[in-house]
Amino acid sequence: MIFATNNAHKLEEVRAILGEEFSLTTLREAGITEDIPENEPTIEGNALAKARYVWAKTGCDCFADDTGLEVDALGGAPGVHSARYATDGHDFAANRTKLLRELEGVRERTARFRTVVALIIDGKEYTFEGTVEGTITCEERGEGGFGYDALFLPDGYTQTFAELPAEVKNDISHRGRAMRLLAGWLQENR
Ligand code: IMP
């Protein structure tokens, strides 16, 4: 199946979550080198738009994911705009700096990651959602992971996603939960 990503971190995570049973092809391997538009107003809309784009171009079974970090004190921002929060590109460090600045002096720092996975198989569409609740730290902690991981402390843990071992993150994360729903569906229906 084509996994609609060129993000090496995500690919590594999803391969570890889904296991050897599933063989994944990246966008580049499928010959899609252009950026797929992500202009929908919701996470689900973006996940579906990415999967539909790949399906239209290749006719192959595929899935795409889209993730947002929803910070309650910011009314759910950056949410669907998480990738382009600080700049037009995917500048992870600039996004983290902006988030810390927006939350300066804010005590209520609850947040969640939300992932929607959109699957298109034999032309039919399915979606799976995973969330993880936590809080935003006051400074960056940890070297692992990517994106906002160094600022996200999952509920029940004292280490951020960037400090926790990858297996622990995958076990409890938004993407881990959504991808295991996808894997369960595929095991039952294929
Ligand atoms: P995407 O559109 O699914 O790539 O996710 C949008 C943005 O959310 C990314 O650019 C990252 O900044 C952030 N993000 C997605 N997944 C994670 C994660 O597992 N940890 C931290 N940040 C993430």
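Modeller: Contact means that heavy atoms lie within 4.5 Å of each other, and by that rule Lys 50 touches Ile 36, Glu 38, Ala 64, Asp 65 and Asp 66, when residues up to four places away in sequence are not counted. This is a predicted model, in which local features need pLDDT of at least 70 and side-chain atom pairs count only at pLDDT 80 or more, while totals for chains, interfaces and linings use all residues. Residues are numbered from 1 along each chain as its sequence is written, and side-chain values use heavy atoms, with hydrogens and water left out.

Colleague: What makes Lys 50 buried?

Modeller: The word buried is kept for under 20% relative accessible area, exposed for over 50% and partly exposed for values in between, with a 1.4 Å probe and protein chains only. Lys 50 has a relative accessible area of 6%, so this residue counts as buried, and its place is in helix H2; helices here are DSSP runs of H or I with at least four residues, strands are runs of E with at least two, and both are numbered from the N terminus.

Colleague: Why is the pair of Lys 50 and Asp 66 called a salt bridge?

Modeller: A salt bridge asks for a side-chain nitrogen of Lys or Arg within 4 Å of a carboxyl oxygen of Asp or Glu. The closest N and O atoms of Lys 50 and Asp 66 are 3.3 Å apart, which meets that limit. The two residues come from distant parts of the chain, Lys 50 from helix H2 (residues 43–58) and Asp 66 from strand E2 (residues 62–71), 16 residues apart. Asp 66 is also buried, with a relative accessible area of 5%.

Colleague: Which parts does the salt bridge of Arg 112 and Glu 70 tie together?

Modeller: Arg 112 forms a salt bridge with Glu 70, with 3.5 Å between the closest N and O atoms. Arg 112 lies in strand E4 and Glu 70 in strand E2, so the pair ties together parts that are 42 residues apart in sequence.

Colleague: How do you know that Lys 169 and Asp 149 meet in a salt bridge?

Modeller: The N to O distance between their side chains is 2.9 Å, and both residues are buried. Salt bridges that share partners join Lys 169 and Asp 149 with Lys 10, Glu 13, Asp 65 and Arg 175 into one network.

Colleague: Which residues that surround the ligand are the closest?

Modeller: Of the 18 residues that surround the ligand, the closest are Lys 10, Asp 66, Asp 149, Lys 169 and Arg 175, where the test is a heavy atom of the residue within 4 Å. An oxygen atom of the ligand is 2.8 Å from an N or O atom in the side chain of Asp 66, and an oxygen atom of the ligand is likewise 2.8 Å from an N or O atom in the side chain of Lys 169. A nitrogen atom of the ligand is 2.5 Å from an N or O atom in the side chain of Arg 175. Taken alone the ligand exposes 470 Å², and the protein buries 96% of that, by the Shrake-Rupley method with a 1.4 Å probe.

Colleague: What makes up the largest nonpolar core?

Modeller: A nonpolar core is a set of buried Ala, Val, Leu, Ile, Met, Phe, Trp, Tyr and Cys residues joined through side-chain atoms within 4.5 Å. The largest one has 18 residues, and those with the most contacts inside it are Leu 18, Phe 63, Leu 119, Met 179 and Leu 182. Helix H1 (8–18), strand E4 (110–121) and helix H5 (174–189) each give two or more residues to this core, and H5 gives the most, with six.

Colleague: What makes Asp 122 count as exposed or buried?

Modeller: Asp 122 is at 54% relative accessibility, and therefore counts as exposed. Asp 122 lies in the loop between E4 and E5 and has a positive phi of about 50° although it is not a glycine. Most residues other than glycine have a negative phi, and most peptide bonds are trans. The peptide bond from Ala 77 to Pro 78 is cis, with omega near -5°.

Key
Polar contact = N/O pair within 3.5 Å; in protein donor to acceptor, adjacent residues only side chain to side chain.
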